[in-house]
Amino acid sequence: MQQSIKANIKRIKTFLNYSKNYLKRNNPIKVIKRSIIAGLKDVLSINKKRKMVKYKLRYQMHQLNQMEKLIAQNNDHVFLRGNKFNEMR
């Protein structure tokens with residue numbers, strides 16, 4: 001009876017030592033802290049990201065408009081070249 005109690009106490013001690021060492025290596029408080037800091041950085045930098053996306057979108061729209069103008073200038077269809085049609089009238 002006394003030996004089984006000692007063996008169980010020894011097992012509990014080893015389990016607690018393993019748990020303690022695991023928690024030292026992978027500290028859940030540090031992990032939560034890192035994730036909160038990363039989330040805050042994302043939230044605080046979202047305005048910068050939005051401005052960059054806006055700028056890129058405007059640039060792409062400008063490029064598209066330039067290409068449409070070039071296509072319209074070199075196209076023989078009247079509905080694409082309203083200016084030339086008005087000059088011919």
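Modeller: A search of the whole structure, which is a predicted model, finds one salt bridge. This salt bridge joins lysine 49 to aspartate 42, and their closest N and O atoms are 3.7 Å apart. The pair counts as a salt bridge because the cut-off for such a nitrogen and oxygen is within 4 Å. Lysine 49 is partly exposed, with a relative accessible area of 45%. Aspartate 42 is likewise partly exposed, and its relative accessible area is 45%.

Both residues belong to the place where two helices meet: Asp42, Val43 and Leu44 in H2 contact Ile46, Asn47 and Lys49 in H3.

The geometry of the two helices may now be considered. Two packed helices are described by the angle between their axes and the distance between the axes. Helix H2 covers residues 28–44 and helix H3 covers residues 46–73; the angle at which they pack is about 45°, and their axes lie 4 Å apart. H2 and H3 are therefore oblique to each other.

The setting of this contact is the protein as a whole. The protein has four helices and zero strands, and the order of its elements from the N terminus is α-α-α-α. Of its 89 residues, 2% count as buried. The accessible surface of the protein comes to about 9200 Å², and carbon and sulfur atoms account for 62% of that surface.

Terms used
Residues are numbered from 1 along each chain as its sequence is written. This is a predicted model: local features need pLDDT of at least 70, side-chain atom pairs count only at pLDDT 80 or more; totals for chains, interfaces and linings use all residues. Side-chain values use heavy atoms; hydrogens and water are left out. Buried means under 20% relative accessible area, exposed over 50%, partly exposed in between (1.4 Å probe, protein chains only). Accessible areas come from the Shrake-Rupley method with a 1.4 Å probe; for residues, only the protein chains shown count as cover. Axes are lines fitted to C-alpha atoms, for helices over the stretch in contact, and angles run from 0 to 180 degrees between N-to-C directions. Angles under 35 degrees count as roughly parallel, over 145 as roughly antiparallel, 65 to 115 as roughly perpendicular and the rest as oblique. Contact means heavy atoms within 4.5 Å. A salt bridge is a side-chain nitrogen of Lys or Arg within 4 Å of a carboxyl oxygen of Asp or Glu.
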